[in-house]
Amino acid sequence: MRILIVRNNSNSKAVDASLLLATYLATQGADYTLVDSSDLSCRGDHEGLNEALANGVEMAVVLGGDGTILRTARQIGTSGVPILGINFGRLGFLANTSDEGVVAVVAAALAGDVVAEQRTNLRIDVVCEGERDRWGDDAGTLDDPDEGEEPGGEPSASGFPCGSDARTFFALNELAVTRGAHGRIIDFGLSISGARIAGMRGDGLVVATATGSTAYALSAGGPLVSPGFAGLVAVPLAPHTLHSRAIVTASNDVVEMDLSHNADTREATLFVDGELLEFERPVRRVYVRRGDAPTVLLRYQREGFYEHAARVFF
């Protein structure tokens, strides 16, 4: 058995726990690869992680907070490798408590005494100025089988390409499109699966999964959504209107954001799970849909979602 250990290297408790866990796994005859979460940035190409994945990883143990889990999910979130998060951060909404110690939680997972949750993630396709829009006006419809390759091609191994021509990204929580460094509100059109909803002006838009509904989308006034829900949540950010509401979509819907009429002085900035996306040209359109394969999170003696939400948010 091979275990991937991802730790928040800036958290002394997580570092101590990783050393304890490594000793325990050695006594159990389990192979492990230890990486620091700081190496999993969008520009990182971690040799040890790639080698571990190539050799086959049966479980990823993440020692840190929700941010560390999100970085790990970016690397392995569509591979089917289950992620066991153990909280050494603050909120830790995605992680298991560390109160019983890291060895007890991992031992339970190795014995199968955990619950696997299938979490919806996002596939995000970005079209920049001067590029062909394979889903929009340039060619066919969203579901046109003759279109062949989808916009942006396949994601990179990490699902989060940077500094390349790839325009396809992975997110477990959300995509946030916000006003940029100029500080001016942006103009955009919002459509869902080809049906135009509205033209908007405001700070931007958050498109979240059910998992991400407890994050930025919640702060923007969006609803709490049970983790098993497979649709998306689209929440306008500070819209300049009295008629804007969050929208909860069906599982197969595609949320479309049209920035083609946004002025150059009204710069739009994109963040995927809190990480900045940088492009050499202005973004023209963004398409967000449910990813093809879910992300698997492991729960140990889990507290129910509604009990957890009531304790944390109310």
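The model is predicted. The protein has 314 residues, and 52% of them are buried. Its secondary structure comes to six helices and 18 strands. Among contacts with a separation of 6 or more, 72% join residues 24 or more positions apart. The largest pocket holds about 480 Å³ of space, and the largest cavity about 40 Å³.

**The annotated residue, Asp-66**

- An unreviewed UniProt entry carries the annotation "active site" on Asp-66.
- Asp-66 belongs to helix 3, which covers residues 66–76.
- The relative accessible area of Asp-66 is 19%. Buried means under 20%, so Asp-66 counts as buried.
- Leaving aside residues up to four places away in sequence, Asp-66 touches Gly-92, Phe-93, Leu-94 and Ala-95.

**The largest pocket**

- How much space lies in the largest pocket? The volume is about 480 Å³.
- Which element gives the most to the pocket lining? Helix 6 does, with four residues.
- By class, the pocket lining has nine nonpolar, ten polar and eight charged residues.
- Domain 1 (2–120 + 295–313) and domain 2 (122–136 + 164–290) each supply at least three residues to the pocket lining.

- Ala-238 is not a glycine, yet its phi is positive, at about 45°.
- Ala-238 sits in the loop that runs between strand 12 (233–237) and strand 13 (247–248).
- Is Ala-238 buried or exposed? Its relative accessibility is 54%. The cut-off for exposed is over 50%, so Ala-238 counts as exposed.
- Asp-273 also has a positive phi without being a glycine, at about 50°.
- The loop between strand 15 (268–272) and strand 16 (275–277) holds Asp-273.
- Asp-273 has a relative accessible area of 12%. With buried set at under 20%, Asp-273 is therefore buried.
- Both residues thus lie in loops between strands, but Ala-238 is exposed and Asp-273 is buried.

**Ala-176 in strand 8**

- Ala-176 is part of strand 8, residues 174–179.
- At 2% relative accessibility, Ala-176 is buried.
- Ala-176 and Val-206 are 30 residues apart along the chain, and their C-alpha atoms are separated by 4.4 Å.
- Val-206 is also one of the contact partners of Ala-176.

**The cavity**

- How many cavities of 30 Å³ or more does a search of the whole structure find? The search finds one.
- About 40 Å³ of space lies in the largest cavity.
- The residues that line it are Leu-175, Val-177, Leu-205, Val-207, Val-255, Glu-256, Met-257, Val-286 and Val-288.
- Strand 8, strand 11 (204–208), strand 14 (255–258) and strand 17 (283–290) each give two or more residues to the cavity lining.
- Strand 14 gives the most, with three residues.
- Eight of the lining residues are nonpolar, none is polar and one is charged.

- Asp-133 is placed in the loop between strand 6 (122–128) and strand 7 (168–171).
- The relative accessibility of Asp-133 is 0%, and Asp-133 counts as buried.
- Asp-133 and Val-286 are 153 residues apart in sequence, with 9.8 Å between their C-alpha atoms.

Definitions and conventions:
Residues are numbered from 1 along each chain as its sequence is written. This is a predicted model: local features need pLDDT of at least 70, side-chain atom pairs count only at pLDDT 80 or more; totals for chains, interfaces and linings use all residues. Side-chain values use heavy atoms; hydrogens and water are left out. UniProt positions are given in the numbering used here, feature names are shortened, and annotations may be inferred rather than shown by experiment. Buried means under 20% relative accessible area, exposed over 50%, partly exposed in between (1.4 Å probe, protein chains only). Contact means heavy atoms within 4.5 Å. On a 1 Å grid over the protein atoms alone, a cavity is a set of points where a 1.4 Å probe fits but cannot get out, and a pocket is an open set with protein on both sides within 12 Å along at least five of seven lines; lining residues have an atom within 4 Å of a point. Grid points are joined across faces, edges and corners, and a volume is the space filled by probe spheres set on the points. Ala, Val, Leu, Ile, Met, Phe, Trp, Tyr, Cys and Pro count as nonpolar, Asp, Glu, Lys and Arg as charged, and the others, Gly among them, as polar. Domain bounds come from an automatic or database domain assignment.
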